[in-house]
Amino acid sequence: MNCWYNGVGADNDVVLFSKIRLARNLKDTPFKSKMSPEVKRGTVKKLFATVKNSPLAGEFNLIDLSSASDIKAISYAEKQAISPEFAKEKGAFLFSHDESASVMLCEEDHIKITAFASGLDLKSAYEKANRIDDVFIENLPIAFNERLGFLTASPMNIGTGMKASIGLHLPALKENGGIGRLASMVGKLGISLRPMYKENGAFYVLTNQLSLGITEAAAIENMNSVAAQIILQERNLRETMKNSERWEDRLYRSMGTLKMARKLGFAEFISLISDVRLGVALGFFETEVNTIGWLIHNLADGTVLSDSDSEGTPELAPKLRAEIVRAKL
């Protein structure tokens, strides 16, 4: 299966992915926090049946985490198909065959749709999410207020119920101390900029925070505009790195470590792969950027262990990760 993260999207030297999340709820059904177990089970069945009886039926599998291992549930969260909280709850969700879309059933909201696209392509991600959304809207009574918009469990999401996110690789801005200033600037526009992997590497997620009083199209346009400015800044700063012996040495050392290491912790891996991804963008390495994307998406601890059937031995993760990285690079 050709998964979404194997693609090469627009502006992929800086942008990893585009993501759209839509939150929806059923009318006359309590939010999950007020549901009895019986009502929750009935709601999940109703939501699943809606998709099963739609044109989308052949595109999704129902994943019931109640019968999955803890490591498998964590793996789905690592891939952003579900939230970490949902992984702990062991709920049920729909997952597309190409991993580009998921629908959490009775998470914080009754319906939580997530859709991905490679590179800077919020439009494609939104079209994918909207196609799923239409199935629920056309077949179920969705909670909607003419003045407020879609009604959600969190007041922060009332309105469009949409969060648009863009994954960014910003090593030059980080090196120049520009991340804090950038986060402050976009914050004034109702957009957040947060680290993707704590302080490891230079990966960040840009997300809109406004959902009330704005249309989906306007929110996406705003995000694209802000992302374009950030991409330009990052590229301009990278120009000074191309002829830097210090950076050339650092990037080659990082590639060498990844190619030779026999054990790699995830934090170390993220820091090193961030350098290598920059090296690819600067033309130092011939590795394909989608190979880097595959590694980032599939080498967190839970996914490595789950895919190798070594779920009961977490200490194997650094060794398994190093083996995979050596094979891929």
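**A tour of the salt bridges**

Start by selecting Glu239, which is partly exposed, with a relative accessible area of 45%; partly exposed is the range between buried (under 20% relative accessible area) and exposed (over 50%), using a 1.4 Å probe and protein chains only. This is a predicted model, in which local features need pLDDT of at least 70 and side-chain atom pairs count only at pLDDT 80 or more, while totals for chains, interfaces and linings use all residues. Residues are numbered from 1 along each chain as its sequence is written, and side-chain values use heavy atoms, leaving out hydrogens and water.

Glu239 and Lys242 form a salt bridge, with the closest N and O atoms 3.1 Å apart; the term requires a side-chain nitrogen of Lys or Arg within 4 Å of a carboxyl oxygen of Asp or Glu. Lys242 is partly exposed as well, at 37% relative accessibility. Side chains of opposite charge can pair when their charged atoms come close. By this rule the model has 17 salt bridges.

Next, select Asp11 and Arg235. Their side chains meet in a salt bridge at 2.9 Å, N to O. Asp11 sits in the segment before β1 (15-24) and Arg235 in helix α7 (residues 216-238), so this pair ties together parts that are 224 residues apart in sequence. Helices (H or I, at least four residues) and strands (E, at least two) are DSSP runs, numbered from the N terminus. Asp11 is partly exposed at 26%, and Arg235 is partly exposed at 31%.

Stay on α7 and select the whole helix. α7 has 23 residues and spans 33 Å from its first C-alpha to its last, close to the 33 Å expected at 1.5 Å a residue; the expected span is 1.5 Å times one less than the number of residues. The buried residues of α7 include Ile220, Met223, Ile230 and Glu234.

Move to helix α8 (residues 245-260), where Arg253 and Asp249 are four residues apart, about one helical turn. Their side chains meet in a salt bridge at 2.8 Å, N to O. Arg253 is exposed at 57% relative accessibility, whereas Asp249 is partly exposed at 39%.

Last, which helix holds Asp133? Asp133 lies in α4 (residues 122-139). Asp133 is buried, with a relative accessible area of 2%. Leaving aside residues up to four places away in sequence, Asp133 touches Leu22, Arg24 and Ile113, where contact means heavy atoms within 4.5 Å.
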